[in-house]
Amino acid sequence: MEAAQAYAARIDAVLAQRTRLRGAPPPGDLFGGLRADHPLLATYPRRPRDANLQALASLIERDDVIVDIGGGSGRLSLPFASDCREIVNVEPSAAMGRGFLANAARAGIGNIRLIESDWLEAAPPSGTLALAAHVTYFIRDIVASIDKMQRAGPRRAIILVNEPPPPSWNRVLFELVHGEVEAIVPGRTELVAVLREMGIAPELRVLSTNPAALIAPAATRTEAIDAAVNRFNGDQWTFWPLGPALDARIRGILDTRFDELFVKKPDGFVPGWIEPGNEILITWQPAR
């Protein structure tokens, strides 16, 4: 399957570059060091629904059991707890799982279940709708993952990706810092090619900008640089410390090229190199 092989090759290229430039991931939970109030861990399920959440809600039925693949803290599944029968989050990170349970408890949500496991290693949960939101970027065995997804969600499968993919939002700064072009994870184009190679004809909807990508202006130059350095730490999904040498190199580039890299807004500074783009909803009804 040429598309599937190309998909895996893209991931291999990213991981090879990441390992060469940043080293291997530290042992343990990649998200274990995040504060409990970190945006990746803390979310409010009963927040007002933006246009993107409304698009997802239109595909959910009252009797659905939603299987959220790599659902993290539940940012994109917990808001639909009142629209479905149950939410099952299959999440390998213990820190993310704790965030999921805490977010649900704060919102008074009880129709949930957590399976702490890698998706491809988990016992297949029985659901009706399978959701994979922003997790396919690093699923190398994408065909096996989609096959399992269709079994877990026989009524409907939904994949959300962003264009461009979030792991590459810092690609302009990446090249300045590392002196080479960043390898980019597979996104919408590569994923749709795999689906079609599998005989799946998905429906695609271009949604609005991912709300999680909206960057609040920083009031001062120092705050803008600090925020940019913290954000760079998630590039290519490297959620471990930058180290003093790389931290200093990034800060030096941001400081000396501040006027070129940042955009001055009425209420502060925002990084001009980040183009969050749009969320893409990919959905289909698996063959029965």
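## Basis of the description

Contact here means heavy atoms within 4.5 Å. The model is predicted: local features need pLDDT of at least 70, side-chain atom pairs count only at pLDDT 80 or more, and totals for chains, interfaces and linings use all residues. Residues are numbered from 1 along each chain as its sequence is written, and side-chain values use heavy atoms, with hydrogens and water left out.

W119 lies in the loop between β3 (112–115) and β4 (129–133); strands are DSSP runs of E with at least two residues, and helices are runs of H or I with at least four, numbered from the N terminus. With a relative accessibility of 6%, W119 counts as buried (under 20% relative accessible area, with a 1.4 Å probe and protein chains only).

Leaving aside residues up to four places away in sequence, W119 touches V67, I69, V90, P125, S145, K148, M149 and A152. The C-alpha atoms of W119 and L76 are separated by 17 Å, and these residues are 43 apart along the chain.

## The pairing of α1 and α6

Helix α1 (residues 2–22) packs with helix α6 (residues 188–197) at an angle of about 150 degrees, their axes being 8 Å apart. Axes are lines fitted to C-alpha atoms over the stretch in contact, and angles run from 0 to 180 degrees between N-to-C directions. The two helices are therefore roughly antiparallel to each other (an angle over 145 degrees).

On the α1 side, E2, A3, A4, Y7 and R10 meet E190, L191, A193, V194 and E197 of α6.

Note on methods. Parallel < 35°, antiparallel > 145°, perpendicular 65-115°, else oblique. Buried < 20%, exposed > 50% of the residue type's maximum accessible area, 1.4 Å probe, protein only.
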